[in-house]
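Subject: Structure for you to look at

Hello,

Here is the structure I said I would pass on. Please open it beside this message and follow along.

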Amino acid sequence: MEDKNKESLHLKLIPYFEKYGILLLLVLMILVMHILQPDVFLSWRNVTNVFKQISWQSMLALGVFMVIVTAGIDLSVGSIMMLSLMILAVVAKAGAPWFIVVMTPLIAGFLCGLFNGLGITLLRMPHPFIMTLGTLYIFRGAGNLISGGTPISGFTDEVRYLGHGRIDLQWLGLEKSQYLPVSLVLIAIVYIIFWIFLNHSKTGKWIYAIGGNPNAARASGINVNKILVIVYSLCGFLSGIGALILAGRTDSGYPNAGLQSELDAIAACIIGGASFFGGRGTVLGVFAGVMIMGILRNGLNLMDVSSFWQQVLIGSIIVLAVYIDVLRRDLGTRK
Amino acid sequence: MSTSNELLLEAKGITKYFGTITALENVNLKVHAGECLGVVGDNGAGKSTLMKVLSGLYKPSSGSLHFQGKEQVLNSPRDSQILGLEMVYQDLALAGNLPIGENIFLGREPTKNLGFLKFLDFKKIKELTNAHLDKLKINVKSADQKVEELSGGQRQAVAIARSTAFNAKVVIMDEPTAALAIKEVGKVLDLINGLKKTGVGVIVISHRMDDIFTVCDRVMALFQGTNFAEAELNNTSRDEVIGWIMGKK
């Protein structure tokens, strides 16, 4: 009897572990960093700094996550962001009013994603890898063509607000340096919206169903191609938001923007527990994945560890995280 | 409510070409309410093609489908679902990463509206799932259990539950016991017998004579894309049916 209870407790815990295990790793990392750098790491300045650094990556990671849930991949998010950023810069330099300037990267990103989605479905590419590998080059090339391959700097404060804005907290009795970055609020809002979308809407459920078994989805009358086009378009749209944030942070459009960031985005998803086979992973997990990468980079910078070691460590964490996932799955599924 | 032997589905003179290949030629088929029709035939006899025509996945090259006496043109599986014609696929067509309830309602989820936004109604999904599983006497731990955690027989039960969750009148099953352990076969066959009692017309495609002779009332054999033989189950024998499959009368 007691044994049975024990087993059921163990079985009850597994889903929670599967859902929240990655948060444990995140908390553990925060603790370790805090112990190593007690004065700096958890200071207001440094914490907001981490969030500012992950702000645009978190948008790319969320987009790539949705694509990975459908068992696809999007290698072009970094290039979509760069192209959107360049279009923003050119439009801003042409003197367009700010409310048009801030719309351009969102529309451009969406259209790039739509292009990916239509290419994958209409051209019946054997795998999204191929389509988005192609557009990785196409979009970055296009970005350089419209800007002449040179940086374009200087945006108005309205355009920079999402990436650079501050929410003053002095009315709470805090000091002037203890402000809230607007990008942090933006991350929270976007992640909550997409959490609701993926978990509480029909389309969101169908995205998971397609990743679980595309044939089942088709047999259920779901228009799989339409859902895929929506997913890639949203991924592009999120990359466009990333471009807008980056424009604010750096105050310039530059040719190397987002170079290799698609790999960071994929890494964050994998660390966060998304499965390459599709159908698995949570928005919370992606957020944890992005945070883990951000904190790792930040912490290692604080400790003056060379960026070469950072690469080695991030790579190791990817392998370790997936191995933990493999063990976790062994526990959870029947044999 | 339909009378017990109302003619539900009739296919008349179905012919299907794929390029120059003739997959079906002038095939006729009838299913009545509360009746189980067994369809047998060797590989390539045209069983799967016929079922795909019935479910709206393929359009017949000629011939017509009549549902409850009315001729119907099916353009997609959605059309046949709306008429109350459901298909249980051999590969089960379930998403393993989703819970039982969400699989049963996949593509037809109940929602509740909040302004212009529609949210999934998980409570309703669970209630409807439990009620439906109870009705079919299917035992699972919980409607929230993921399908990948189920045994083959339980999965087949969920697939059948899925096909009957929306007042299906005709259920077509493609090899319902092929992937199952022997002890699970009986449960699935019981389930089919239960369905018949509720007035559903069932078509079972199977290679297994045991299945045919346990649940079917009538059996028809396809041979090289044509109607080869048909008989009430009482008027035939296993050996005779096996002979039909091989093209011997």
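Below is what was found, taken chain by chain.

Please keep in mind that this is a predicted model.

**Chain B as a whole**

Chain B contains eight helices and twelve strands. Its radius of gyration is 18 Å, close to the 18 Å that the globule rule gives for 249 residues, so chain B is as compact as a globular protein of that length. Along the principal axes, the C-alpha atoms of chain B fill a box of roughly 60 × 40 × 35 Å. Of the 249 residues in chain B, 43% are buried. Among the contacts in chain B with a separation of 6 or more, 69% are between residues 24 or more positions apart.

**A sheet in chain B**

Four strands of chain B make an open sheet, and their order is S2-S1-S4-S5. The pairing is antiparallel. Strand S2 (21–32) and strand S5 (70–72) of chain B are at the edges with a single partner strand each, so one side of each has no neighbour in the sheet. From one strand to the next, the twist averages 25°.

As background, strands of a sheet pair through backbone hydrogen bonds, either parallel or antiparallel. Strand S1 (residues 7–18) of chain B pairs with S2(B) over eight bridges, in the antiparallel sense.

**Where the chains meet**

How many residues of chain B are in contact with chain A? There are 21, and they meet 20 residues of chain A. Helix H2 (77–83) and strand S8 (117–120) of chain B each supply at least two residues of the side that touches chain A. That side of chain B divides into nine nonpolar, five polar and seven charged residues.

**Helices in chain A**

Helix H2 (residues 44–69) and helix H11 (residues 261–271) of chain A pack with their axes 8 Å apart, at an angle of about 65°. The crossing of H2(A) and H11(A) is right-handed. On the H2(A) side, the residues in contact include Leu60(A), Val64(A) and Phe65(A); on the H11(A) side they include Asp264(A), Ala265(A) and Ile266(A). Nine residues of this contact are nonpolar, two are polar and one is charged.

Helix H8 (residues 202–212) of chain A has ten of its eleven residues buried, so H8(A) is largely enclosed by the rest of the structure. Among the buried residues are Trp206(A), Ile207(A) and Tyr208(A).

**Two residues with positive phi**

Ala71(A) is not a glycine, but its phi is positive, at about 70°. Ala71(A) sits in the loop between H2 and helix H3 (77–93) of chain A. It has 19 C-beta neighbours inside 10 Å and therefore counts as partly exposed, since 20 or more would be needed for a buried residue.

Gln260(A), also not a glycine, has a positive phi of about 65°. Its place is the loop between strand S4 (252–253) and H11 of chain A. Is Gln260(A) buried or exposed? Gln260(A) counts as exposed, because it has 9 C-beta neighbours inside 10 Å.

Regards

Definitions and conventions. Residues are numbered from 1 along each chain as its sequence is written. Chains are lettered from A and ligands numbered from 1 in the order in which they are written. This is a predicted model: local features need pLDDT of at least 70, side-chain atom pairs count only at pLDDT 80 or more; totals for chains, interfaces and linings use all residues. Two strands pair if DSSP finds at least two bridges between them. Axes are lines fitted to C-alpha atoms, for helices over the stretch in contact, and angles run from 0 to 180 degrees between N-to-C directions. Two residues are in contact if their C-beta atoms, placed from the backbone, lie within 7 Å. Ala, Val, Leu, Ile, Met, Phe, Trp, Tyr, Cys and Pro count as nonpolar, Asp, Glu, Lys and Arg as charged, and the others, Gly among them, as polar. A crossing is left-handed if the near helix is turned anticlockwise from the far one by less than a right angle, and right-handed if clockwise. A residue is buried if 20 or more other C-beta atoms lie within 10 Å of its own, exposed if 12 or fewer, and partly exposed in between; C-beta atoms are placed from the backbone. The radius of gyration is taken over C-alpha atoms; the globule rule is 2.2 Å times the number of residues to the power 0.38.
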